[in-house]
Amino acid sequence: MKTQTAKVMGGHVLLTVFTLFMLCSGVSAQLNPEIYAKSCPSLGQIVRNQVTIAMNAEKRMAASLIRLHFHDCFVNGCDASILLDGTDSEKLAIPNLNSARGFEVVDTIKAAVENACPGVVSCADILTLAARDSVSLSGGPRWRVALGRKDGLVANQNSANNLPSPFEPLDAIIAKFVAVGLNITDVVALSGAHTFGQAKCGLFSNRLFNFTGAGTPDATLETSLLSNLQSVCPLGGNGNITAPLDNGSTDAFDNNYFKNLLQGKGLLSSDQILFSSELAVNTTKGLVEAYSRNQYLFFRDFTCSMIRMGNIANGASGEVRKNCRVINN
């Protein structure tokens with residue numbers, strides 16, 4: 001049976017539905033790509049059009065939308081809890097505060113969907129579709145998204161404070177993925193989303209000057225990139241200044257991120273440890289090397305990992321919010 005078939009369309013790989021369902025495990029029986037076929041047949045085009053508009057205004061928004069989806073699914077499952085306002089909002093958690101962005105874009109997409117199909121499509125499904133489109137519109141793979149999620153009724157700021165962190169060692173990151181039903185392949189493939197977007201100096205400046213406590217930078221950081229980052233993020237400088245996560249391919253969704261790791265050019269510590277840490281030798285390093293050589297393999301595994309992550313269940317009742325920021329009255 002051939003499972004490596006792919007079609008090249010519009011400059012990126014369109015993985016066939018048959019291939020995806022053969023390759024990807026963990027597809028939820030409760031979700032269905034056709035669930036809105038009659039109740040909101042224009043949904044896919046509406047979301048894609050709005051994501052296109054947002055990306056035309058700011059290329060970085062693609063990475064911001066997929067990050068919202070990640071941070072949503074790792075807390076309470078993929079239930080749009082990250083979009084809720086309030087004192088216990090996940091937006092106020094340390095990993096998201098003054099960092100997570102794109103909420104206004106989701107509001108705009110939701111308004112357009114409500115105009116066409118009022119009260120039908122959940123914010124969770126909209127965010128999942130927007131994440132997929134942010135990838136495909138940046139040159140990455142496109143896949144069919146299983147739909148039918150409900151919007152959660154509560155946020156969980158405490159859990160959001162425990163999201164995988166760029167400062168954590170590899171074993172801790174792997175453990176957090178395993179805790180939500182994901183595996184080591186998912187760790188590496190989903191980290192590949194750092195092939196586009198930006199990160200603030202505050203998330204990697206610890207690597208630049210005194211990484212070990214002995215006044216020296218992170219030895220795994222390539223010297224020319226180190227020098228450049230030290231000028232962008234000087235000691236005592238503005239921690240909100242940003243640098244590209246993927247040096248040399250900032251806005252394109254490709255496998256350049258993994259090529260960078262082989263050269264010591266991962267921006268975040270959590271990126272570079274996938275290749276350079278001692279634990280990586282028997283866990284993640286081989287995947288990094290494979291993805292650096294074979295973009296199709298990365299796209300295939302990334303697609304499967306996105307499908308698995310999108311199926312993380314919240315185990316709670318939900319609703320279709322009229323406004324993504326608040327539960328219905």
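1. Basis. The model is predicted; local features need pLDDT of at least 70, side-chain atom pairs count only at pLDDT 80 or more, and totals for chains, interfaces and linings use all residues. Residues are numbered from 1 along each chain as its sequence is written, and side-chain values use heavy atoms, with hydrogens and water left out.

2. Disulfide count. Searching the whole structure gives 4 disulfides, a disulfide being a pair of cysteine sulfur atoms within 2.5 Å. A disulfide is a covalent bond between the sulfur atoms of two cysteines.

3. Cys 40 and Cys 117. This disulfide has an S to S distance of 2.1 Å. Its S-S torsion is about 75°, so the bond is right-handed. Cys 40 sits in the loop between α1 (17-23) and α2 (43-57), and Cys 117 in the loop between α4 (103-116) and α5 (123-136), so the bond ties together parts 77 residues apart in sequence. Helices here are DSSP runs of H or I with at least four residues, strands are runs of E with at least two, and both are numbered from the N terminus. Cys 40 is buried at 2% relative accessibility, and Cys 117 is buried at 4%. Buried means under 20% relative accessible area, exposed means over 50%, and partly exposed is in between, with a 1.4 Å probe and protein chains only.

4. Cys 73 and Cys 78. The sulfur atoms of this disulfide are 2.0 Å apart. The torsion about the S-S bond is about 120°, so this one is right-handed. Cys 73 is buried, with a relative accessible area of 1%, and Cys 78 is buried with 4%.

5. Cys 123 and Cys 324. Here the sulfur atoms lie 2.1 Å apart. With a torsion of about -100° about the S-S bond, the disulfide is left-handed. Cys 123 belongs to helix α5 and Cys 324 to the segment after α13 (295-310), so the pair ties together parts that are 201 residues apart in sequence. Both cysteines are buried.

6. Ser 249. Where is Ser 249 found? Ser 249 is in the loop between β4 (242-244) and α10 (256-262). Ser 249 is buried, with a relative accessible area of 11%. Its side chain makes a polar contact with the side chain of Asp 254 at 2.6 Å. A polar contact is a pair of N or O atoms within 3.5 Å; within protein, one must be able to donate a hydrogen and the other to accept it, and residues adjacent in sequence count only if both atoms are side-chain atoms. Leaving out neighbours within four places in sequence, Ser 249 is in contact (heavy atoms within 4.5 Å) with Thr 195, Asp 254 and Asn 256.

7. Helix α11. Of the 8 residues in α11 (269-276), 7 are buried, and the helix is mostly covered. The buried residues include Asp 271, Gln 272 and Phe 275. The buried residues of α11 pack against α7 (170-179), α8 (184-191), α10 and α12 (285-293).

8. Largest pocket. The volume of the largest pocket is about 1000 Å³. Its lining has 48 residues, with Arg 67, His 71, Pro 166, His 194 and Leu 268 nearest the centre. The elements that give two or more residues to this lining are α3 (61-73), α7, α8, β3 (198-200) and α11. Helix α3 gives the largest share, 7 residues. By type, the lining divides into 26 nonpolar, 15 polar and 7 charged residues. Nonpolar covers Ala, Val, Leu, Ile, Met, Phe, Trp, Tyr, Cys and Pro; charged covers Asp, Glu, Lys and Arg; the others, Gly among them, are polar. On a 1 Å grid over the protein atoms alone, a pocket is an open set of points where a 1.4 Å probe fits, with protein on both sides within 12 Å along at least five of seven lines, and lining residues have an atom within 4 Å of a point. Points are joined across faces, edges and corners, and the volume is the space filled by probe spheres set on them.

9. Positive phi. Ala 80 is not a glycine, but its phi is positive, about 60°. Ala 80 lies in the loop between α3 and α4 and is buried, with a relative accessible area of 0%. Asn 98, also not a glycine, has a positive phi of about 55°. Asn 98 is in the loop between α3 and α4, and is exposed at 63% relative accessible area.
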